[in-house]
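Have the structure open as you read.

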Amino acid sequence: MNSGFWIGIALVAVFLARYIKRVRIRQEAKRMLQEPGLTPDNPLSGLRLSEIDEHILTISCGCGGGFRPTSEGSIRVDGRDLRVARLVCGRCESERALYFEPPPLLH
Ligand SMILES: [Zn+2]
């Protein structure tokens with residue numbers, strides 16, 4: 001066998017590994033979008049603020065990193081007031097928003 005053959009095999013292996021990684025990240029991103037809280041039309045509801053903070057810690061990025069909140073605000077979607085927490089991945093710095101219904105006010 002000449003070295004060109006092995007270099008070819010190595011290149012195929014590298015491209016295959018990259019391809020598999022891309023597919024996994026895409027699948028993970030798709031799966032994540034189906035979880036409540038990641039789109040405004042499917043917000044988290046019924047959680048207290050402390051539970052929302054805990055929930056943020058359980059979310060992981062496609063890269064395997066964890067998210068931390070950077071800011072929080074309110075948005076109005078289809079006549080509903082939602083809170084939105086902006087999150088950033090601690091590893092790859094990709095951003096994500098977490099939508100949730102504000103907890104009922106205690107009187
Ligand atoms: Zn990440």
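**From the sheet to the whole chain**

Strand 2 and strand 3 are joined by six bridges and pair in the antiparallel sense. Strands here are DSSP runs marked E of at least two residues, helices are H or I runs of at least four, and both are numbered from the N terminus. Two strands count as paired if DSSP finds at least two bridges between them. Before going further, keep in mind that this is a predicted model: local features need pLDDT of at least 70, side-chain atom pairs count only at pLDDT 80 or more, and totals for chains, interfaces and linings use all residues. Residues are numbered from 1 along each chain as its sequence is written.

On the other pairing, ten bridges join strand 1 to strand 2, and these two run antiparallel. Put together, you get an open sheet of three strands in the order 1-2-3, with antiparallel pairing. Strand 1 (67-77) and strand 3 are the edge strands, each pairing on one side only. From one strand to the next the twist averages 25 degrees; the axes behind such angles are lines fitted to C-alpha atoms (for helices, over the stretch in contact), and angles run from 0 to 180 degrees between N-to-C directions.

Phe67 has Cys89 of strand 2 as its bridge partner, and Glu72 has Ala85 of strand 2. Val84, in turn, stands opposite Tyr99 in strand 3.

Now for the turns. The hairpin of strand 1 and strand 2 has two residues between the strands, and Asp78 takes a positive phi near 50 degrees there, although Asp78 is not a glycine. Asp78 counts as exposed because it has 7 C-beta neighbours inside 10 Å. The hairpin of strand 2 and strand 3 has five residues between the strands, and in it Glu93 takes a positive phi near 65 degrees. Glu93 is exposed too, since it has 10 C-beta neighbours inside 10 Å.

What makes up the largest nonpolar core? Seven residues do: Cys61, Phe67, Ala85, Leu87, Leu98, Tyr99 and Phe100. Leaving out residues up to four places away in sequence, Tyr99 touches Gly37, Thr39, Pro40, Pro43, Leu44, Leu82 and Val84; contact means C-beta atoms, placed from the backbone, within 7 Å.

Finally, zoom out. The protein chain has two helices and three strands, running α-α-β-β-β from the N terminus on. Its radius of gyration, taken over C-alpha atoms, is 20 Å, well over the 13 Å that the globule rule (2.2 Å times the number of residues to the power 0.38) gives for 107 residues, so the chain is more spread out than a compact globule. The C-alpha trace spans about 80 × 25 × 15 Å along its principal axes, and buried residues make up 8% of the 107 residues.

Methods
A nonpolar core is a set of buried Ala, Val, Leu, Ile, Met, Phe, Trp, Tyr and Cys residues joined through C-beta atoms within 7 Å. A residue is buried if 20 or more other C-beta atoms lie within 10 Å of its own, exposed if 12 or fewer, and partly exposed in between; C-beta atoms are placed from the backbone. Two residues are in contact if their C-beta atoms, placed from the backbone, lie within 7 Å.
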